[in-house]
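Here is a short report on how two chains meet and how one of them is built. Look over the sequence and the structure first.

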Protein chains: 2
Amino acid sequence: MTIFYPNGKPYINQSPPKKKTAKVNFANRGMTLEEDLNMTNQYYLERDIAVIHKKPTPVQIVNVDYPRRSAAKITEAYFRKASTTDYNGLYRGHYIDFEAKETRSKTVLPLKNFHEHQVEHMKKVKSHGGICFVIIKFTTSGEIFLLDAEHLIKYWSEQKSGGEKSIPKAIIKGQGYPIPQGYMPRIDYLTIVDRVYL
Amino acid sequence: MTIFYPNGKPYINQSPPKKKTAKVNFANRGMTLEEDLNMTNQYYLERDIAVIHKKPTPVQIVNVDYPRRSAAKITEAYFRKASTTDYNGLYRGHYIDFEAKETRSKTVLPLKNFHEHQVEHMKKVKSHGGICFVIIKFTTSGEIFLLDAEHLIKYWSEQKSGGEKSIPKAIIKGQGYPIPQGYMPRIDYLTIVDRVYL
């Protein structure tokens with residue numbers, strides 16, 4: 001049944017069908033760390049601690065259907081590579097920028113988790129006075145570390161001239177900082193930012 | 001013909017088919033101002049002046065096909081409302097955040113161009129020490145202005161208690177700043193940021 005507004009226009013439910021959502025499977029594309037970080041950022045936002053958001057997944061839209069009485073439906077689109085990191089925002093007047101990665105490895109963070117554009121972006125952020133780091137989760141042990149982007153940048157450039165293809169966990173532990181985990185907030189990385197950068 | 005890498009794996013062209021792209025028609029959803037701002041931000045990035053990007057369009061992905069030999073294809077997705085502004089980044093150590101809007105009106109910027117989440121986000125950015133504004137293009141005259149977010153926030157809150165449904169152009173001219181336009185960069189808004197905020 002079509003419901004009409006007082007002005008005579010039909011009511012169109014703009015929400016996409018919810019029941020299908022559960023089908024989407026991003027198969028280990030880091031959903032757990034991502035979900036925990038989203039909840040952490042939500043906590044920071046609600047408590048008025050910081051304004052940090054995950055950027056939407058970049059998608060190249062090729063075809064869109066405009067059905068008469070429902071929301072526009074994208075029928076053909078493709079994932080694009082991000083040209084920046086996934087997270088950025090504002091904390092205590094400072095620009096914050098980071099990437100989050102999970103690995104099942106117990107000993108290293110493979111550099112193949114990153115791509116050139118992201119590392120170039122991190123270099124730029126650091127050179128323009130932003131705070132830039134990587135949040136790394138070792139899923140086997142559950143440990144999460146904050147590592148300043150300079151280390152990733154160094155390993156990345158060394159890799160190009162035949163260096164290691166990953167960052168050893170020992171370096172991440174030695175040069176980085178373990179992030180306290182809890183219920184609320186889940187991954188309290190701003191306590192580390194306070195200590196290390198501010 | 002399938003081409004193989006030296007390691008025996010088939011070469012898969014990850015690029016989506018290009019020829020279809022031209023079909024997409026976002027019918028006056030502000031492409032001109034957006035394109036000009038993207039080129040301006042690209043110019044700032046290449047000249048190492050600032051690191052400012054447009055966020056990807058937020059999309060809720062419902063179904064994805066994973067064909068064997070080509071890129072994952074999104075077959076069902078819907079546009080979502082952005083929970084923040086479209087543009088943010090870093091300039092001379094400062095967090096920058098803005099929204100860009102075009103209007104065909106000659107006399108006002110209708111507030112229906114914004115939504116609650118965006119205005120709330122702008123309030124947060126200002127209260128946490130970020131630089132936050134709106135870039136407004138009057139398409140008929142071609143004029144482009146930078147207006148600090150405080151004016152939008154004020155009009156937005158007044159609208160809720162029965163105030164005007166738009167910001168008069170006279171206010172935008174009086175309280176805002178005309179942005180110089182040229183070939184490179186197209187819309188040199190950072191000259192205004194220098195003058196007004198830094």
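## Strand pairing in chain B

Two strands count as paired if DSSP finds at least two bridges between them. The model is predicted. In it, strand 5 (residues 94–103) and strand 7 of chain B run parallel and are joined by eight bridges. One such link pairs B:T103 with B:F138 in strand 7 of chain B.

Both strands belong to an open sheet of six strands in chain B, ordered 1-4-5-7-8-10. The pairing in this sheet is mixed. Strand 1 and strand 10 (177–178) of chain B are at the edges. Each has a single partner strand, so one side of each has no neighbour in the sheet.

## Size of the interface

The size of an interface is often given as the accessible area lost when the parts come together. Here, chain B and chain A bury about 4,300 Å² between them. Carbon and sulfur atoms account for 63% of that area. B:I74, B:Y78 and B:H128 supply 15% of the area that chain B buries against chain A, more than any other three residues.

The contact involves 47 residues from chain B and 46 residues from chain A.

## Polar links and elements at the contact

How many salt bridges cross the interface of chain B and chain A? The rule finds two. In a salt bridge between B:K124 and A:D48, the side chains meet at 3.0 Å, N to O. Between chain B and chain A, 11 residue pairs are in polar contact, with both residues at pLDDT 80 or more.

Several elements of chain B each supply at least two residues to the side that touches chain A. They are strand 1 (51–54), strand 2 (59–65), strand 3 (73–79), strand 4 (87–91) and helix 2 (116–127). Strand 3 of chain B gives the largest share, seven residues. By type, this side of chain B has 23 nonpolar, 17 polar and seven charged residues.

## A strand pair across the chains

Strand 3 (residues 73–79) of chain A pairs with strand 3 of chain B. The sense is antiparallel, over four bridges. A:K73 has B:Y78 as its bridge partner in strand 3 of chain B. B:Y78 is also one of the three residues named above for buried area.

## Aromatic pairs

Over all chains, the rule counts 17 aromatic pairs. One of them is tilted: B:F133 and B:Y189, at 6.1 Å centre to centre with 55° between the planes. This pair links distant parts of the chain, 56 residues apart. B:F133 sits in strand 7 (residues 131–138) of chain B, and B:Y189 in helix 5 (residues 189–197) of chain B.

How values were computed:
Residues are numbered from 1 along each chain as its sequence is written. Chains are lettered from A and ligands numbered from 1 in the order in which they are written. This is a predicted model: local features need pLDDT of at least 70, side-chain atom pairs count only at pLDDT 80 or more; totals for chains, interfaces and linings use all residues. Side-chain values use heavy atoms; hydrogens and water are left out. Contact means heavy atoms within 4.5 Å. Buried area is the accessible area (1.4 Å probe) that two parts lose on being put together, summed over both. A salt bridge is a side-chain nitrogen of Lys or Arg within 4 Å of a carboxyl oxygen of Asp or Glu. A polar contact is a pair of N or O atoms within 3.5 Å; within protein, one must be able to donate a hydrogen and the other to accept it, and residues adjacent in sequence count only if both atoms are side-chain atoms. Ala, Val, Leu, Ile, Met, Phe, Trp, Tyr, Cys and Pro count as nonpolar, Asp, Glu, Lys and Arg as charged, and the others, Gly among them, as polar. Rings of Phe, Tyr and Trp (its six-membered ring) pair if their centres lie within 6.5 Å; planes under 30 degrees apart count as stacked, over 60 as edge-to-face and the rest as tilted.
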